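Dear colleague,

Please find below the structure that I am handing over to you. My notes on it follow directly after.

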Amino acid sequence: MANFLPFDRDQPFLLPPDLKAWIPGDDLAHVVIAAVERVPLHSFVIPRRTGGKPQYNPRLMLALLIYCYANGLFSSRRIERATYRDIAVRFIAANQHPDHDTIATFRRTNAQAFEAAFLQVLLLARETGLLRLGTVSIDGTKIDANASKIRSVRYDRAVALRERLAADIAALTAQAEAADAEPDPQALPGELARRDVLKAKLDEACARLEAQAQAEADAARPAYEEKKAAHAARKGRRGPPPSPPDPTPPADRQSNLTDPDSALMRRSRTAEYRQAYNAQAVVCAEGSQLILATGLSASASDAPSLAPTILAMEPTLGLPAAVLADCGFGSREGVEQLQARGIDPLVAIGRTQPHRPYDFRPPPAVKPERQIKEPWRLDMKAKLETPDGQALYKRRKQTVEPVFGIIKSAMGFLRFHLRGLGPVAGEWTIVALAYNCRRVHRLCHA
């Protein structure tokens, strides 16, 4: 007969005098608390109150967010529930239970504190010898926005819907005025209000697209004037004059009604379109795999983010010696900006991984080799073909891509929970901060 340990759920437990006795000494909670205690209070946005209930300590709120993000808890309601159910979360929260609205408000308004904590974790890693700044890798990944792609509307469709809604609203208004004596006069005004709300959202979407097109036209105006002057000064036979920039948005340009800052983008040519943001990360390639800097954009292209993301490290950790990037970051302007600051960029020019010799799929059709004519691309190709360049560039894939795998698979972060470019950038900093705490904890207890 089996022998089982007896149990009694009605048996009262004698709690330890210190809750830390139930938390292992090598738990991630201790790393999070040590990092947060170094963040100055002036980095937080603290609402001014003249009375009422005291506020939660911002360091407590920050530690609570970081630890929960590191353990796959992203919803403010799930975080609130964890303060009652999870021993480590209860220890970090000091047996206090902030409600979900307080947690969500703190997360939306404290991007500066997240950046300060992000820096403190990196400084702590450098002080302990875990971080060495030399070669870094940069890459981007598409993360879903807190919006559905079916809420994206084309400019031409938005204009047509506005006209249709205007006619419907006028008809419903006339019906509402004629139905004042009806038993239920609230039915039509409710239907009218829904159309008013939708029309207001379409008006905002059209205004955004028109403002964006006007800004692009204004930016292209100087180049147009130069081409126009050159065309007028040309003697002899001349072609058609250059076309002026059009301030009207293209018919197929889209705007999302839920999160206008997000955009439709896809990971590759074979992947589906998603309503997403492009999140970049700069990762240490010297062995620690810590995220050293983050970036976020609503553009599917990585190239415009190369130089700004790397150069933003100068006031905090300093500039790296070399940068490894895939071909998506290739741009003459970005490479020249890094080289001007003494940084050696290694940017792939084309596909770096050949077809697998024993792949189960049939080999792809042979394509003609791309003709490279730009001087900076020729120099980069020559550098990557040297033995030292090949050995250095091999670090890229084994440093930055596993980071995104850990964030998406181990931590479970697959979509943003905030909306708008600013708040979403702050949430991406929290994710990178939580990853760094996990990584420092692992390196310290390896």
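The buried residues of helix α10 pack against α9 (306-311), β7 (322-325), β8 (344-347) and α11 (375-384). Here buried means under 20% relative accessible area, with exposed over 50% and partly exposed in between (1.4 Å probe, protein chains only). Helices (H or I, at least four residues) and strands (E, at least two) are DSSP runs, numbered from the N terminus.

This is a predicted model, in which local features need pLDDT of at least 70 and side-chain atom pairs count only at pLDDT 80 or more, while totals for chains, interfaces and linings use all residues. Residues are numbered from 1 along each chain as its sequence is written, and side-chain values use heavy atoms, with hydrogens and water left out.

In α10, which spans residues 332-340, the buried residues are G334, V335 and L338. They lie on the same side of α10 because they cover an arc of only 95° around the axis, the arc being that of the directions from the helix axis to the C-beta atoms. Just after α10, G342 takes a positive phi of about 80°.

Q280 belongs to strand β5 (residues 274-284) and counts as buried, at 1% relative accessibility. Its side chain makes a polar contact (a pair of N or O atoms within 3.5 Å; within protein, one must be able to donate a hydrogen and the other to accept it, and residues adjacent in sequence count only if both atoms are side-chain atoms) with the side chain of N278, at 3.3 Å.

G72 is found in the loop between α2 (58-70) and α3 (76-85). At 17% relative accessibility, G72 also counts as buried.

With kind regards

Note on methods: Contact = heavy atoms within 4.5 Å.
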